[in-house]
Amino acid sequence: MPSLFFCILLLGLRVTESQASGLATPQQVRLDADKETQKLSVTWEDSHASAFDVEILRTELMEIVLNETVGVTEDQSTGKHQWNWTSPVPLECTSLSVKVRSRDGQDVSEWSSQQILPGLDLPDNTDSQMYPEGKTVPVGSNMTFCCIVEEGQQFGSLWYKDTLVKVNMLSRRTYATTMTNQGPSNPSGTNVVCSNEKKMIIAGAVVFVGYPPLPSDLVCETHDLISVDCQWSKGRDTYLFGMTRQTYYTLNGRNCPKARNSNMRCGLEQWEGNWTLVARNLLGEFRLTDAAELGHRVRPVAPVNLTTPEVYSWNASVGWLWKYNGYERLSLICQVQRTSHLNSSTQTYTGYGLNTVVLKDLQPDEKYSVKVRCGSQKNFWKWGEWSLPLSFQTKMDRPVAPDIWLWMDSDNLGRVLWKPLTKSESHGQISGYEVILWSPEENSQQTLTLHQSVFSLPINVTDRGSKVTVTVTARNPAGVSLPANVVIPRHLPDAEDTTISRVAFNGSGFPLSWVAHANASCGYVVDWYNTSCTQDCNVEWTRVAADNTNTMVQSGNFFAGVRYTFSLYACSSESTVLLERWHGYMQELVPSRTVPRLSPNQEGSDVQLTWDQIPLEHQRGFILGYTVYLTNASHLTLLANITDPQLTNHTVRNLVLGSYKFTVKAYTAAGEDGGATVSISLEPYTYWLIMEILVALGAMTCLLIVITIACYRKRKWVKKAFYPEIPEPKLPGEWGITQGTLDVKPSPHSMVHIVEDSVWDSSKEALVTVPEEDEEGTGDEAADTDEPTSLRYYNQVVEEGSSSQRRPHASDSSASSTGSMDSGHTDVTYTGIQTSACSLAPMAHFQPQPDASQCVGGGSYRPQMQSASCPEEPQTGPEEHLQPPVGSFGGYQPQCSWKQDSPEADGEGGGLDQACLGSPTSVTSSQFLLPYDTSEEGKEHPSSASTWFHNLLTGKP
Amino acid sequence: MSGHVKNMCPQLTISQAARTLLSLLLVAAIDSVSAAVVCRKQPCGSSLQRSLKLTKLIHKESVDLLKTYKVSQGDMSELFCQMSINNVPDPNISGLDPSERMLSIYSHCKAFLPHLKRVTEQQTDLQPPSSSLLSKLSTAHNRTNGLANQINCIYQTLFPNLPIPPEPVDGPTSVPPSQNVFQQKVYGCVVLKRFKEFLSRVTRELRTLKSQVCTRRTTFADTNALF
């Protein structure tokens, strides 16, 4: 590597020698470098020319850095030419070659020998480096940084702050970048670092970019009337810190070592009249001047050692000392600022060497803090500094008279009230109150001593027969206050007649105005309280001068949504007269509850809604009216808006039947309340329903009467139409019975066997019915009641006499049957004869033997009721059914052929009666065969009813 | 004290200068004795425990100090500590037996002090006066000095027959000569990084020493008490 560098130098020398002309070649070219300022000074000799060509190259890469013609005159004293050049690139970055030649117009001399300014990237300097380092430059300047890479390493990157920048290669190991318009750096400077190919920092530099100083507002003054104290503003931040870069100040050439940070001040021991401040840092300096006479720049120091030699209840004196004796002859103006818990005020005092003042208009028993500052009264310049505060407390004094008022809780009971004395009124700690009740007419006096926390005294007006004067005094350690009086009149005026109007809150209070009253000799009193309060109400009042007819009622106890009653009284020496009243809300709100007792009442197709007034404490505003809504799900349909707040009912008319839900809301100026909802279901009108029923019944009754009358009058026609006369049968032969012709056809299902009865063998043969089924099955069916009952009729052959004797109510058909029995051996077959099981009862009745069941008849024929009569039957052998005892079971048994419909037929005999509804009808007879009951009623009613009906139809009475 | 001497030897005539000199010598002697007494009065575990707590505190503060330092140095300062700087004390503690290692700790503490002071001076020129870095550097310097004194005291207590060499046993690490601003930044970062690493090692070392040395001494003391 050194050999290559040497070859390059030889090549440069050869080129220089090749140029030759008549002009003298500059000799003894010399380079002097100031690397800190990057200035290169080139000097040469032996040339009388005034113009020269200068060429500067980067030696290693032979890149021309500069090639220009410059005019340089010869220094007569030294005979040398000198030309200075400032390199934009730090001179350490790489070696530079400089050569010079003389120029005279177009003629040039040969180049001088090339001079080399060696850089720090020479091979023998192997370390990594970066230049320039630690420079301080102004904001906005341009600057070139170069990085010399360590021998053997490869360049990686170059970073300015945290920005990767582009670089130019200046030599084998040197890379450079130029930063333009640099911004201010942080206190420790701006870092520029260079890294190798492994991204490891190998070198770095720091540059400080800032501003030159720019102070302002230099002002010099004196405090002690001798020395000078100058102050100024620091001005723009220089962004430069540290011993070498910070700003230094001098005042009139003397250093100001205490001018640091924000404390920009400097002092001189003597007043000089003119001052020059020089601020200087690495980037430049700035000058400020000021001039003034001493008497015009006096600013006294703060007074010290404040004391209070005398302190009273209402005034005190304050004294202080001055640090400098010169103030004794100085006319001073001083401000004394006193601060108490009530307020803060400042008073001004003047005097030569002023050092004591008297503070007036103080409050007794009050803590004060005072501080003092002064200035020169003549040619006032500035106020001096405030002194340290001094605290003291004034002495106590007797309190002021309390403000008392008479408040009537009711017509007879009242309270004497007085306001607690404030700090400024009590003039010391109140120890108690004294109340004197004095009646001049009765010449009686009562004295009460009350605790300091008591502010009212109950009064019973009715107990007193005369006017009473109440006197209240307050007491503190300093004495007793003046008395405050209020007169309780013998008769209190009635407050009911007083008109009440409304007053609106205007943001700061309730404005009240009234007409002047002649008797208001001692002014007016306005009191107010919560209207909804009933007991021990908090009453406040205020007094208005007699010449005022308006006031603004203000209180910290007003709350939104609360109605207050304001009462105006005219005050006189005799008594107070209520003049006027107002109601008002500080802020109206929506009612806090809904209307109470909302109820609907149906009036036909109308519904009347009624409700009560909202209680006053819940109104929270003046009720302006009510709105009535019809509620459908969540939708409200406005039905009515009642603007009269006294009206508490509303009728919704012409509603159809159905359910309705109504919502009633009271509203104030702030809006509606949540709404009370009530439901009602409209039903038909009850009275109308009853009327309709009665009308229908009446109409039906009339119709029946008409039909009855018609039927009665046309009974013959009816009888003819519905009950035609059945012609009596004309019987041939010797039939003893005139009635009861029975013309029956043999049943296809029944057979009648004529058997011989062993008992009645001599006289007649008995008729015995033979069931269709086996007789064994008959016995089974009697036991099994679940089987469908098949009534079988067993006609019974009885003697004529016994039949008529034992069955006196037998129907005609029975009689006819009985009659038919008389024929004895007549072949008679019953078919489809229906009878009821009740017919068995008489049979059972006259069957004496206990084991003779209803199924088992006597010696005559009887109807066979298997299902109805057998449940109570004891179990007997089938033989008993198949072979009934001889003598007890004679004659035929007609078979009950219809099927029992009702399950109740399985029951007892009564049930059987019902099961046997429907009369068995003779096939050949048109007459009904009505069943008869075994009971007495059953025996009588059907017969009587049928008789009546029959008589009706037949016209018999 | 001079009066006391005079009362004991009333017949002697001592000049005022000689008495003053004698007083100074006596005070110095008492101070040195009292210091030695303080060191010896401390129980073994208690002294080491106190030093261990102080070391932990300094170590904790050194971590914060290094963070503050890096933040105060501008961009890319995170990489400054990775650069190599000569003449900065090595954080490793040398020695084979406890006495040597205690001595190494002491000498390291002493060795770091001038470097911390140099970093403080350099940063004073680079930071605003209100910078917290300056106060932290000052605190670290003072606490390290106190730790060195405590280690010295413990060493005298545990190894009363072994003298403390006047120079650090690991060899002097002189503060570097004049540096440019960038070198100062890198130097400070390396110093504080090694200082933090050293304190970490000291913490471990004191813990080990406490368990080794104090247990052994207690055993010896118990053995002596039995006989």
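This is a predicted model: local features need pLDDT of at least 70, side-chain atom pairs count only at pLDDT 80 or more; totals for chains, interfaces and linings use all residues.
The size of an interface is often given as the accessible area lost when the parts come together. For chain B and chain A, the area buried between them is about 1600 Å², and carbon and sulfur atoms give 62% of it. Of the area that chain B buries against chain A, 33% is supplied by Met76(B), Asp125(B) and Phe182(B), more than by any other three residues. In terms of residues, the contact draws 25 from chain A and 18 from chain B.

Polar and charged pairing across this interface was also examined. The rule finds 10 residue pairs in polar contact between chain B and chain A, with both residues of each pair at pLDDT 80 or more. The side of chain B that touches chain A takes its largest share, 3 residues, from helix α6 of chain B, which spans residues 181-226. Sorted by class, that side of chain B consists of 9 nonpolar, 6 polar and 3 charged residues. The count of salt bridges between chain B and chain A is 1, and a salt bridge is formed by Asp125(B) with Arg245(A), whose closest N and O atoms are 3.8 Å apart. With the cut-off for a salt bridge set at 4 Å, this pair is counted because its separation of 3.8 Å falls within that limit.

Side chains of opposite charge can pair when their charged atoms come close. Over all chains, the count by this rule comes to 27 salt bridges. Among them is the pair of Lys99(A) and Glu55(A), whose side chains meet at 3.2 Å, N to O. This pair links distant parts of the chain, with Lys99(A) placed in strand β7 (residues 96-104) of chain A and Glu55(A) in strand β3 (residues 51-58) of chain A, 44 residues apart. Lys99(A) and Glu55(A) are both buried.

A further salt bridge joins Glu151(A) to Arg172(A), with the closest N and O atoms 2.8 Å apart. Glu151(A) lies in the loop between β12 (143-148) and β13 (155-160) of chain A, whereas Arg172(A) lies in the loop between β15 (168-169) and β16 (174-179) of chain A, so the pair ties together parts that are 21 residues apart in sequence. Glu151(A) is partly exposed, at a relative accessible area of 30%, and Arg172(A) likewise counts as partly exposed, at 28% relative accessibility.

Asp290(A) and Arg297(A) also meet through their side chains in a salt bridge, at 2.9 Å from N to O. Here Asp290(A) is buried, with a relative accessible area of 13%, and Arg297(A) counts as buried at 12% relative accessibility.

A disulfide is a covalent bond between the sulfur atoms of two cysteines. The structure holds 8 disulfides over all chains, including that of Cys256(A) and Cys266(A), whose sulfur atoms are 2.1 Å apart. The torsion about the S-S bond of Cys256(A) and Cys266(A) is about -85 degrees, and the disulfide is therefore left-handed. Distant parts of the chain are linked by this pair, Cys256(A) lying in the loop between β22 (254-255) and β23 (265-268) of chain A and Cys266(A) in strand β23 of chain A, 10 residues apart. Both Cys256(A) and Cys266(A) are buried.

Cys533(A) and Cys537(A) form another disulfide, with their sulfur atoms 2.1 Å apart, and the torsion about their S-S bond is about -105 degrees, so this disulfide is left-handed. Cys533(A) counts as partly exposed at 25% relative accessibility, whereas Cys537(A) is buried, with a relative accessible area of 7%.

In chain B, a disulfide joins Cys81(B) to Cys189(B), with an S to S distance of 1.7 Å, and the link is left-handed, with -70 degrees about the S-S bond. The pair links distant parts of the chain, 108 residues apart, with Cys81(B) in the loop between α3 (44-72) and α4 (98-124) of chain B and Cys189(B) in helix α6 of chain B. Cys81(B) counts as buried at 7% relative accessibility, as does Cys189(B) at 1%.

Conventions:
Residues are numbered from 1 along each chain as its sequence is written. Chains are lettered from A and ligands numbered from 1 in the order in which they are written. Side-chain values use heavy atoms; hydrogens and water are left out. Contact means heavy atoms within 4.5 Å. Buried area is the accessible area (1.4 Å probe) that two parts lose on being put together, summed over both. A polar contact is a pair of N or O atoms within 3.5 Å; within protein, one must be able to donate a hydrogen and the other to accept it, and residues adjacent in sequence count only if both atoms are side-chain atoms. Helices (H or I, at least four residues) and strands (E, at least two) are DSSP runs, numbered from the N terminus. Ala, Val, Leu, Ile, Met, Phe, Trp, Tyr, Cys and Pro count as nonpolar, Asp, Glu, Lys and Arg as charged, and the others, Gly among them, as polar. Buried means under 20% relative accessible area, exposed over 50%, partly exposed in between (1.4 Å probe, protein chains only). A disulfide is a pair of cysteine sulfur atoms within 2.5 Å.
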